[in-house]
Amino acid sequence: MSEQTAEDVRTEKLKKIKDLKNKGLNPYSSYSFDISHRISDLIDEFESKLEAEEQDNKAAVSIAGRVISKRWMGGIAFMQLADESGVLQLYIRQDDLDKEDFEYIRQYIDTGDIVGIKGYMCKTKTGELSVLVDSAELLSKSLTGLASKHHSLKDVELKYRNRSLDMAANQQSKETLKKRFVLTQAIRSFMVEEGFLEVETPITQVTYGGAEAKPFITHHNKLEMDMYLRVAPEQYLKRLLAGGMEAVFEIGKSFRNEGIDRTHNPEFTMLEAYRAYEDYEYAMDLMERLVEAVAKQVFGMTKFTYGEYEIDFKRPWQKIRLKDALKELADIDVDQMSDKELFNQVAKLEKEVEVGSRGEAILVLFEERCENKLIQPTHVIGYPKESTPFCKVDRNDPELIERFESFVAGEEIANAYSELNDPILQRSLLEEQVQRKAAGAEETWGEVDEDFLEAMELGMPPAAGIGIGIDRLSMIMLGQESIRDIIYFPTMKPKNATSKKSINNTN
């Protein structure tokens, strides 16, 4: 027999809904259902307690969830019921039910439906822990069901676009996505225990800055002005430092109008934190302690398999100067090269990049030739001063800044500075970014934010600042090689993608 199409399933289920309503039964009439146990609790309590073919008539239970499979064998039926905590078999026997109730279950409850079940705990002849069903109530009739092809969801486009179906059909996918937010909760708890105050800053901003990025632009109708979705919360958090708050953090969304690939989604989650009177060495220590503590709390270990690598987050992490990384990993000794030789090296890269200074050339060479070779957790220090306008100059080398980036499995997961707090220099560096944008640069570090600079002029204490990419950290700890596997709803084109013009002219 050929497999039913999605439209066939829908047509059949709509007919059943009509039949039920004709009998005075509405499959969506329930407002609640009294649940006595989660499935995982029943498994924990009864798996070792009952023997094969044993029934506990005192263990009355009431559970609810989605039917993910069913099979009928004459007067007996087996179904698999899934709630958020796990999966359990339902054992349905015609001899235990009124004829009308049995026919109701047989005829109207299908794969995909959400049901409420009452019964007793037992084990079948094969030793399968089950609920011997005493009654079943249809709480919500699914119109689509869970076609067998969806259980593996080999269609990646479908998996990401229809996350509800992915989670309903794939328990592992649901657990991965849940664990990603358990990890976020652990990060939040660590920061609070560390003495940081969690705050919120605006997502729509009049000016943008804090990261080298192309922003999303929106429009405020009432104020009649364009605004940006934030590329980073940095400048607002620093304004709080200037106002007298000494340790603040925010976990939230940032937005960058850039490409989509295995490690990039235009909307992503960051932790950004600032502590007054500390420098980037403190931020480095904080990063290591945070990640190690979260790994142990959430997963009970510091070692993780990620693709072909085994990653160990146990402290201390490796630390290397950027120039030394170029020498060791790419055989490029920049100190022995002229500006012309450096620019020639950049010209040989597969990626076409324009550089205007020696520092920019060194940075590009590091990004293209070294980053993907940094597998174990590694802090890279000694960045050229051209790499960011928000960082203090290295106290030992005026050509460098006190910045580190943390890399794992070839990907950047954190960026931190000894924060610049000189308002005069800050204004000058932001004005340079405006000039870059005017000259045609698509991605810059932002605009001249007068409110931010006014706060700095009030006086901002020296501080350590750090940004951590929670999505990428989650990818590694959860063994997922695409960022879209740990984001509930990754950015995608709609099913029937249309142009902006057609969307705006739908009347």
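**The hairpin, then the helices**

Mentor: Start with β9 and β10, which form a hairpin with four residues between them. In that turn, Glu224 has a positive phi of about 55 degrees. Keep in mind that this is a predicted model, with local features needing pLDDT of at least 70, side-chain atom pairs counting only at pLDDT 80 or more, and totals for chains, interfaces and linings using all residues. Residues are numbered from 1 along each chain as its sequence is written, and side-chain values use heavy atoms, with hydrogens and water left out.

Strand β9 covers residues 217-220. Its pairing with β10 is antiparallel, over four bridges. Strands pair if DSSP finds at least two bridges between them. Strands here are DSSP runs of E, at least two residues; helices are runs of H or I, at least four; both are numbered from the N terminus. Ile217 has Tyr228 of β10 as its bridge partner.

β10 (residues 225-229) also pairs with β7 (residues 204-205), again in the antiparallel sense, over two bridges. There, Thr204 is bridged to Leu229 of β10.

Now the helices. α6 (residues 171-193) packs on α8 (residues 280-299) at about 130 degrees, with the axes 9 Å apart. Axes are lines fitted to C-alpha atoms, for helices over the stretch in contact, and angles run from 0 to 180 degrees between N-to-C directions. The pair is therefore oblique; under 35 degrees is roughly parallel, over 145 roughly antiparallel, 65 to 115 roughly perpendicular, and the rest oblique. Their crossing is right-handed (near helix turned clockwise from the far one by less than a right angle; anticlockwise is left-handed). On the α6 side, the residues that meet α8 include Val182, Ala186 and Phe190. On the α8 side, they include Leu286, Leu290 and Val294. Contact means heavy atoms within 4.5 Å. By class, this contact has twelve nonpolar, one polar and two charged residues. Nonpolar covers Ala, Val, Leu, Ile, Met, Phe, Trp, Tyr, Cys and Pro; charged covers Asp, Glu, Lys and Arg; the others, Gly among them, are polar.

Last, α14 (residues 470-478). Nine of its nine residues are buried, so α14 is largely enclosed by the rest of the structure. Buried means under 20% relative accessible area, exposed over 50%, partly exposed in between (1.4 Å probe, protein chains only). Asp471 and Arg472 are among the buried residues. Just after α14, Gly479 takes a positive phi of about 65 degrees.
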